[in-house]
Amino acid sequence: MIPVPPERSVLFVCLGNICRSPTAEAVFRATAQRAGILTALGVDSAGIGDWHVGQPPDRRAIAAGHRRGYDLTRLRGRQVTADDFDRFHWIFAMDQANLRALEALRPATYPGHLGLFLTMAPGAALREVPDPYYGGADGFDHVLDLIEEASEALVAKLRTRISPPAGG
Ligand code: 4NP
């Protein structure tokens, strides 16, 4: 397979890579597919920690996603690495702690965008996706609400870069 250039590759990062970032990966993939741009993109997710490497997402994240038509079952946890800054020019942290950890890993010459995912959605009520791991099922629905909104906004932004409007 021909690798997707970093400029069109998106990485979602949370703490464990079993709740928020795999949800973001699945929702963003579905949103990009509906917009017809998924095949032009690289999309992945990773965790700051290594506790869940090789594991499928949390069963509550799988169930909440399934209720909205997203399939998380094939995703497996991995830990973020310094190489990710070569492969992805769009790196989105779910919360400030994730962002600080990524900033510590980021090479000084990184040319891409590293920021909080929810800042993509200008109208979003929150800047961070709350960690649902120690809470109830409601938390996973809230995560989906926030991630759906930010995914729409990110797809709209990337779409203009992939296929500029005619005459534009
Ligand atoms: P996530 O949630 O960062 O959204 O995947 C968590 C999953 C696992 C842990 C913490 C947060 N943990 O401590 O194992």
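**Close-up 1. Asp 95 and the residues it touches.** Welcome to this predicted model. We start at Asp 95, which touches Arg 20, Leu 116, Glu 128 and Val 129, leaving out residues up to four places away in sequence. Asp 95 sits in the loop between E3 and helix H4 (96–105). With a relative accessibility of 12%, Asp 95 counts as buried, because buried means under 20% relative accessible area. Its side chain also reaches the backbone nitrogen of Ala 97, at 3.1 Å.

Close-up 2. A polar side-chain atom of Arg 20 lies 2.7 Å from an oxygen atom of the ligand. Backbone atoms take part as well: a polar backbone atom of Cys 19 is 2.9 Å from a ligand oxygen, and a backbone N or O atom of Ile 18 lies 3.0 Å from an oxygen atom of the ligand. The protein covers 92% of the 360 Å² of accessible area that the ligand has on its own.

**Close-up 3. The largest nonpolar core.** This core has 38 residues, and Phe 12, Phe 28, Phe 117 and Leu 154 touch the most other members. At least two core residues come from each of strand E1 (9–14), helix H1 (20–34), helix H2 (59–67), strand E3 (90–93) and helix H5 (137–162). The largest share, nine residues, is supplied by H5. Another core lies apart from this one; it has 13 residues, among them Val 13, Phe 88, Leu 114 and Leu 116.

**Close-up 4. Phe 117 and its contacts.** Now we zoom in on Phe 117, one of the core residues that touch the most other members. Leaving aside neighbours within four places in sequence, Phe 117 is in contact with Phe 12, Ala 24, Phe 92, Ala 93, Met 94, Ile 147, Ala 150, Ser 151 and Leu 154.

**Close-up 5. Ser 9 in strand E1.** Our last stop is Ser 9, which is found in strand E1. Ser 9 has a relative accessible area of 4% and is therefore buried. Beyond its neighbours within four places in sequence, Ser 9 is in contact with Val 4, Gly 42, Arg 87, Phe 88, His 89 and Trp 90. Among these, Phe 88 also belongs to the core of 13 residues.

Note on methods
Residues are numbered from 1 along each chain as its sequence is written. This is a predicted model: local features need pLDDT of at least 70, side-chain atom pairs count only at pLDDT 80 or more; totals for chains, interfaces and linings use all residues. Side-chain values use heavy atoms; hydrogens and water are left out. A polar contact is a pair of N or O atoms within 3.5 Å; within protein, one must be able to donate a hydrogen and the other to accept it, and residues adjacent in sequence count only if both atoms are side-chain atoms. Accessible areas come from the Shrake-Rupley method with a 1.4 Å probe; for residues, only the protein chains shown count as cover. A nonpolar core is a set of buried Ala, Val, Leu, Ile, Met, Phe, Trp, Tyr and Cys residues joined through side-chain atoms within 4.5 Å. Buried means under 20% relative accessible area, exposed over 50%, partly exposed in between (1.4 Å probe, protein chains only). Helices (H or I, at least four residues) and strands (E, at least two) are DSSP runs, numbered from the N terminus. Contact means heavy atoms within 4.5 Å.
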